[in-house]
Amino acid sequence: MGEDPVELKGRIRLSLGVLGEENRHHEFEALCLGIARRRIVSNLLPATGPVSAGGDQGRDAESHWVDLSGSPSLPPTFVALAAQGRVVMACTTQQDGVPSKLKSDLKSITGKGTPVDRVLFFASTPIPVKKRHDLIDHAQTEHDVELEIFDVVAIATYLTDHDLFYLAVHYLHLPSSLAPPHPEGVSLPEWYARLRERWWGRDEPGGTLGDLVDMRAGLRHATFDPAALPDLPTWIRHARALLSSTVSSHTALRARYEIVVAALRGLETLEEKDDELAREFFHGVIDDPDLTDAGLLEDAIVLLSYISGAMLRQLTSIGPVEIGQWRETLTAKMTRLVDADPYPHALARLLALGAHIALTPRPPQTLDQARRDNLISVRGAVEQVQAAVDGDVSTALPPINLTIIDLDTAMELLLRLGHHLPQAPLFPVGPLCDFLDLYVATLTTHPSYIEVRDLFDDAYGRAEGRHAVGARAQKRGIDLLGQDQPVLALREIHKALSAWLQGETLEGGLLMLLLAAKIYGVLGLPIAAKHYALAAAAAAKGAGPDLAGFIGRSVLEAAVYDHQAGGWLTASHTVGFGMATHTGSCADPFDVDQYPYVWEAIGNVAITVRFARTLRPAYLPVIDAAATSDIRDIVDQILSPQADEVLDFREADLAVEADQAGIGRPYSDAGPVRSYKWTALGVTWKVRTENERQQVLAAERFISALQITLAELSFKDPLLLPGTLMIDFTADPRLPLDETALCQATQSGVWRVRLSIGAEPAPAQSDASDAAERQVLSAVIQTLAERSLLPGSTFITLIDTSGGGLLERVFVARPYDELADLHPVSFYEDLRTLPSSPNEAYPDSPPAEATLPPQHGPGPGYDPVKMRQAAARRYCNLQPVIRHTLPRLLGDTTFQNTIASLRAQGWLDWHLLLAIAHIVANNRMNLDSATFSSSLSEEERKRLIDQFFRPEESSDPQLPSSAFHEEALRSQLRISAGSTAAMLGLRLPPGPYADELLTLLGERYGYWTDDADHLDPFAPIT
């Protein structure tokens, strides 16, 4: 039991005075930093390493920036104390002239380096109150900074707190037995108290592995339990004594590990002697060829991570070079052990360790780089990761943006381990899954991720059950959403759905359906979102009163997605259905806090009414027909403040705003033809169909499947031709469900799709429903394959490897036609008789932000060397084709101006030669009545190509210079783009797509940049 607080404070003051007398400034600085971090400012770093380069400028510690708003999983105590301004700590053990010392430090602190907002000054001597106030005024007046002074009295008072007393034990060498009592309600476990009493009463330090294991329990408890933290320095002294007395090299290695970890994680500092222990540990593990203990290898990997973090926080003298060397030699050692073909469970552990070390983040070389991220304390980082693993908060790496050492090797090892796990049934897969989930945002970008994930989920499911797999997938998905990765999150949500739409986990499955719908909506795929929301409503039907509230909610959210798709009138009617169910199953159904989706749906009705009153009054009766009195009242309340305002808005403005927001154009469901429009993977997709019940349901079945597939393909590179694709859709009652969808391209570029009418809902028609889903998927694949520049076999392989389960994602709960069949035939008839919205009269505007952008970077098959070689061949082959025409053109001033203009626009010389040669050769072919056609034999085709590219003769007919104007050259370059694509092994869809093709070739295939060395073919003739 500790002594009287007043006496304890006196002993602490005396010990602090000894620090000053002996000029032990470093220990005093570390002690003050410990107090400051736990009581004043949590995000302080010691001013060593890069911070003190060129002198510490009077700063013993500085705060670093922390994004609290973007880091919801930071420990609460860290958040509460984190400073957002720049805070500097200074301290002195000087016995005399402290005010002058403080003024001098203030001048240094504020005169150089980063501007400062606040200074914490610690002194090992007392400073009178008046003098403190004078110094605080001086700091504000002379330096415009806030000053706080902590003298020996304040420091001693802090150190008498139970959770800070360990600092006095460690730095002032006071015995742990003087520790103040625990706060009321806080106690130590009985086992720990007994263990502490036994070890602290020992005369001999012990030296066996059994002694270390026994002592380690107390050491680790004191490291991690704040209530036992004052005991930690004493435990560390016992561990050092054991290290000195042991004769076992492996026991010594383990003791070194425990001491360094306790010092770093418990005391949050490494002294020079601890750094040496770390070095001795790594050399012992690495240099001993006979050491194959997987436990020690795992300790080495863990310690490597700790030391890297300590380096970032300036807590160790160990630098990145040493850390890198240890990592490389550890990796080499584990590779040798794996190659030695160990027993199955040993191999599993070695593969896991190899993946662990390959996934180690590569720390930045300097603190300045790290300071741009959220760098929290060692204890805070550990608490955050542990909370993530325990499921209390979102799983995420500590908020430091670092590069993984070797992701490819890690995934290769994990893939091998995943396939090996059935041979190692006792391997603990759960902790490894926890570890991998920390890196989910990085792993999901790797091509092998799906296979690795499924292998480990299968192993986890064998051990813990299917529900546990669903829970883990759900957590991964939510983590990825929290990191603003909706597309990656969607894959995990689908994984969770496959495990949860059954039995006791139905509620979790409903939430996942609605979350998937939300993600599709965020991605700008509203019909897919509507599909999943309605699937949730269907799944909730008949599930009992506890889940009845999901029905109304799901229908109302489906209405929101209808509105997003441009079906404003349909959405208004769907809101009526949803509210009828919602008010019957939920208490206080209009509570905005409990049911925000109600107000979003009704708010959309108000928007629909508002614009219809001004722009489309003929639509108002249809809107009003579905509105209940409650909905009308709320709409009137929303619109009443704007009743006298004139809506200064045109329909063209609505169209532009909708395009820029990435949503469907308003009132797209009015008139005899219903239209849909969205942008995904670089293509603006437009679908139009007859505004009749069965046609609309079948069209939306196709659109939902297309949008779901587009989301799946966003992980791949389908190489879709950019631009706009118009799709004319027809549901044909004559087309059997078991036949493939009929799709055809027209010469104008319109794509026609014909599907069967959907099967009527009936249990006996499940086979027909399956056939309908397979048919719609065949239409989707045909549509995408037609838009893709990939060869057909390559595209099908892409579909086959797009993540699996595509059919299950397209078909969810019930057939789409059944899920979405909410409105009677008469409703569609009313819509058909309305005047059409003039949406098609306005040109398209690109979305302000692409929510589902296409792939960027080099395209499939692109080789810059081959492209430059092709350019060299063109310089060689094209100039003979125009060897008489070109010199004549160079004498024409207008032509020279055209060349200069096109060069300024980015044309390379081979583009110019190609366009000129095409004009000349095409004229020659036309005069000879020679044309290319698909009916030509290979021999005839070769003969025409040779004729096309033959050298020009002086006797050949000459075109006037006016034939080579800028638009003519542009036209010929467009035509030639097809041959460039063919050279790259790409297929060409029929239709007028030359401009879109040139855009893609420029963005993905270096068309406007790849060139070869050449003489200037357009140099003026002298």
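1. Arg476 is buried in this predicted model, its relative accessible area being 4%. The side chain of Arg476 is paired in a salt bridge with Asp457, and the closest N and O atoms lie 2.8 Å apart. The two partners are 19 residues apart and belong to distant parts of the chain, Arg476 to helix 22 (residues 466-482) and Asp457 to helix 21. Asp457 is likewise assigned as buried because its relative accessibility is 3%, against a cut-off of under 20%.

2. Arg453 meets Glu492 with an N to O distance of 3.4 Å.

3. Side chains of opposite charge can pair when their charged atoms come close.

4. The salt bridge between Arg814 and Glu818 has an N to O distance of 3.0 Å. Is Arg814 buried or partly exposed? With a relative accessible area of 33%, Arg814 is partly exposed. Glu818 is also partly exposed, at 27%.

5. Helix 14 (residues 320-339) packs with helix 15 (residues 344-358) at an angle of about 155 degrees, the axes being 10 Å apart. Helix 14 is therefore roughly antiparallel to helix 15, since the angle is over 145 degrees. The crossing of these two helices is left-handed. On helix 14 the contact is formed by Arg327, Leu330, Thr331, Met334, Leu337 and Val338, and on helix 15 by Leu347, Leu350, Leu351, Leu353, Gly354 and Ile357. Sorted by class, this contact comprises nine nonpolar, two polar and one charged residues.

6. How do the axes of helix 38 (residues 864-881) and helix 41 (residues 909-927) cross, and within what distance do they come? The axes cross at roughly 40 degrees and come within 9 Å. Helix 38 is therefore oblique to helix 41, and it passes helix 41 in a left-handed crossing. Helix 38 contributes Ala871, Arg874, Tyr875, Leu878, Gln879 and Val881 to the contact, while helix 41 contributes Asp909, Trp910, Leu913, Leu914, Ala917, Val920 and Arg924. The class count for this contact is nine nonpolar, one polar and three charged residues.

7. Ala241 lies in helix 10 (residues 232-245). Ala241 is partly exposed, with a relative accessibility of 31%. The C-alpha atoms of Ala241 and Glu204 are 9.0 Å apart in space, while the two residues are 37 residues apart in sequence.

8. As to the chain overall, it has 44 helices and twelve strands. Of its 1022 residues, 54% are buried. Among contacts with a separation of 6 or more, 75% are between residues 24 or more positions apart.

Methods. Residues are numbered from 1 along each chain as its sequence is written. This is a predicted model: local features need pLDDT of at least 70, side-chain atom pairs count only at pLDDT 80 or more; totals for chains, interfaces and linings use all residues. Side-chain values use heavy atoms; hydrogens and water are left out. Axes are lines fitted to C-alpha atoms, for helices over the stretch in contact, and angles run from 0 to 180 degrees between N-to-C directions. Helices (H or I, at least four residues) and strands (E, at least two) are DSSP runs, numbered from the N terminus. Angles under 35 degrees count as roughly parallel, over 145 as roughly antiparallel, 65 to 115 as roughly perpendicular and the rest as oblique. A crossing is left-handed if the near helix is turned anticlockwise from the far one by less than a right angle, and right-handed if clockwise. Contact means heavy atoms within 4.5 Å. Ala, Val, Leu, Ile, Met, Phe, Trp, Tyr, Cys and Pro count as nonpolar, Asp, Glu, Lys and Arg as charged, and the others, Gly among them, as polar. A salt bridge is a side-chain nitrogen of Lys or Arg within 4 Å of a carboxyl oxygen of Asp or Glu. Buried means under 20% relative accessible area, exposed over 50%, partly exposed in between (1.4 Å probe, protein chains only).
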